[in-house]
Amino acid sequence: MIIFIIDLSADYLLNKSINCLVLICRNYKGDVDMAEIDHFLPLLMQHEEEGLLCPVLSHGNVHFMWIKHSNLYLVATTNKNSNASLVYSFLYKLVEVFTEYFKELEEESIQDNFVVVYELLDELMDFGFPQTTDSKILQEYITQQGTKLEVAKSKVPTTVTNAVSWRSEGIKYKKNEVFIDVIESINVLVNANGNVMSSDIVGSIKLKTMLSGMPELRLGLNDRVLFALTGRDKGKTVVMEDVKFHQCVRLSRFESDRTISFIPPDGESELMSYRINTHVKPLIWIESVIEKFSHSRVEIMVKAKGQFKKQSVANNVEVRVPVPSDADSPKFKTSTGTAKYVPEKNMVVWTIKSFPGGKEFLMRAHFGLPSVENNELEGKPPITVKFEIPYFTVSGIQVRYMKIIEKSGYQALPWVRYITQSGDYQLRTNV
């Protein structure tokens with residue numbers, strides 16, 4: 001396997017006969033010819049022009065698995081039947097690690113840090129097998145200062161060879177605390193008749209751990225399967241699907257008795273993600289009337305209603321309403337918040353800083369249309385909504401307890417925060 005990082009330069013787009021610019025590459029197994037990468041961008045362009053672009057491209061018996069980040073392509077080449085999901089997980093991990101090191105992953109950051117990038121590629125994978133991929137651990141012995149690099153290499157942290165490779169030993173805090181964020185994103189698609197076509201909840205439990213030593217943590221949720229196992233059916237429970245854990249969680253323990261037991265990474269991390277496949281009532285309901293008068297004007301009326309508890313408040317609400325590309329001379333009137341025309345995106349953005357539950361607000365917009373008809377066929381983009389509601393979860397998931405056990409016996413404080421936010425939240429219109 002070979003990992004390439006390629007810059008898609010303007011020169012290549014203008015003159016496709018030249019070779020693509022490979023910024024850096026690492027050949028892990030020597031089983032693929034390095035020159036094979038010259039076939040990648042022509043294949044990519046060809047598939048893109050034909051509308052057949054796919055994540056795996058092949059030339060002969062060589063397969064290119066690629067992702068794009070900014071204007072860079074990260075490409076893995078293989079001539080075997082490799083585990084594609086593992087390869088893509090590794091490529092996205094590369095982006096994550098490089099971003100942690102260089103803040104922005106772009107051509108300049110790669111060129112300015114060739115030595116560090118090569119060091120990272122050597123540590124992240126060995127002979128085609130992923131190794132240490134935790135950026136916090138890597139930063140202990142691969143530094144950005146070239147002068148310190150040689151000194152750092154002589155002493156590899158014991159963490160790398162420990163069973164607990166994601167946490168260093170000897171961590172100390174004056175005040176021991178752990179912050180738990182339960183964040184749920186709502187995906188909703190509503191058709192033009194006001195019927196919910198699809199909906200689900202994608203959740204994530206994130207930790208900010210500030211604990212000394214090597215603590216053992218046990219997290220309890222109102223998990224329906226757990227309650228059924230223990231014979232408790234009281235209170236609201238949730239059924240979680242597609243559960244994905246951080247590597248620190250003991251999976252065998254979870255599978256046997258649904259206990260989430262782990263030694264946490266230090267600092268910020270995502271402990272787990274999940275999906276709840278359920279019918280979700282749109283928390284912010286949008287009714288719209290869009291009237292288009294040919295060669296004259298467009299009149300838009302949008303009503304937004306908060307369909308959540310009155311004691312809750314949605315923050316930083318944005319209602320994005322599409323308008324024709326040839327519209328001009330915008331005029332707005334809102335019962336609250338501000339409306340702004342964004343011509344480069346052909347939309348009106350109605351912003352409401354604070355939206356209490358049960359309230360209704362109105363926005364009216366007027367646009368002029370040119371006297372000459374625009375012959376270009378335009379689609380019917382949906383209205384999209386963005387929001388965040390603190391101290392609230394749609395699914396009703398709850399952190400029942402967080403037990404913190406450490407051999408020194410210190411007392412630690414767990415803090416829990418719930419947030420519901422919009423995910424892919426779309427409401428289609430008739431016009």
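Surface patches are made of residues with over 30% relative accessible area and no salt bridge, like charges being joined within 9 Å. In this predicted model, Glu104, Glu106, Glu108 and Asp112 form a negative surface patch. One of these residues, Glu108, is found in helix 4, which covers residues 107–112.

Aromatic contacts were examined next. The structure holds 11 aromatic pairs. Phe98 and Phe102 make a stacked pair, because their ring centres lie 6.1 Å apart and their planes meet at 25 degrees; planes under 30 degrees apart count as stacked. Both residues belong to helix 3 (residues 84–102). They are 4 residues apart there, so about one helical turn separates them. Phe98 has a relative accessibility of 0% and therefore counts as buried. Phe102 is buried too, with a relative accessible area of 10%. Elsewhere, one aromatic cluster is formed by Phe40, Phe64, Trp66 and Tyr73.

Charged side chains also pair. The structure holds 14 salt bridges. Among them is the contact between Arg26 and Asp122, whose closest N and O atoms are 2.6 Å apart. Arg26 lies in strand 2 (residues 21–27), whereas Asp122 lies in helix 5 (residues 114–124). Arg26 is partly exposed, at 26% relative accessible area. Asp122 is likewise partly exposed, at 38%.

A second salt bridge joins Glu177 to Lys175, with an N to O distance of 3.6 Å. Its two partners fall into opposite classes of accessibility. Glu177 has a relative accessibility of 10%, so this residue counts as buried. Lys175 reaches 52% and so counts as exposed; the cut-off for that class is over 50%.

Arg297 and Glu299 supply a further salt bridge, at 3.2 Å from N to O. Arg297 counts as partly exposed, with a relative accessibility of 29%. Glu299 is also partly exposed, with a value of 26%.

Technical notes:
Residues numbered from 1 in each chain as written. Predicted model: local features only at pLDDT ≥ 70, side-chain atom pairs only at ≥ 80, totals over all residues. Heavy atoms only, no water. Patch = residues over 30% accessible without salt bridge, like charges linked within 9 Å, V, L, I, M, F, W, Y side chains within 5 Å. Areas by Shrake-Rupley, 256 points an atom, 1.4 Å probe, with all protein chains shown as cover. Salt bridge = Lys/Arg side-chain N within 4 Å of Asp/Glu carboxyl O. Lys, Arg positive; Asp, Glu negative; His and termini not counted. Charge placed at Lys NZ, Arg CZ, Asp CG, Glu CD. Helix = DSSP H or I, 4+ residues; strand = E, 2+ residues; numbered from the N terminus. Phe/Tyr/Trp six-rings, centres within 6.5 Å; stacked < 30°, edge-to-face > 60°. Buried < 20%, exposed > 50% of the residue type's maximum accessible area, 1.4 Å probe, protein only.
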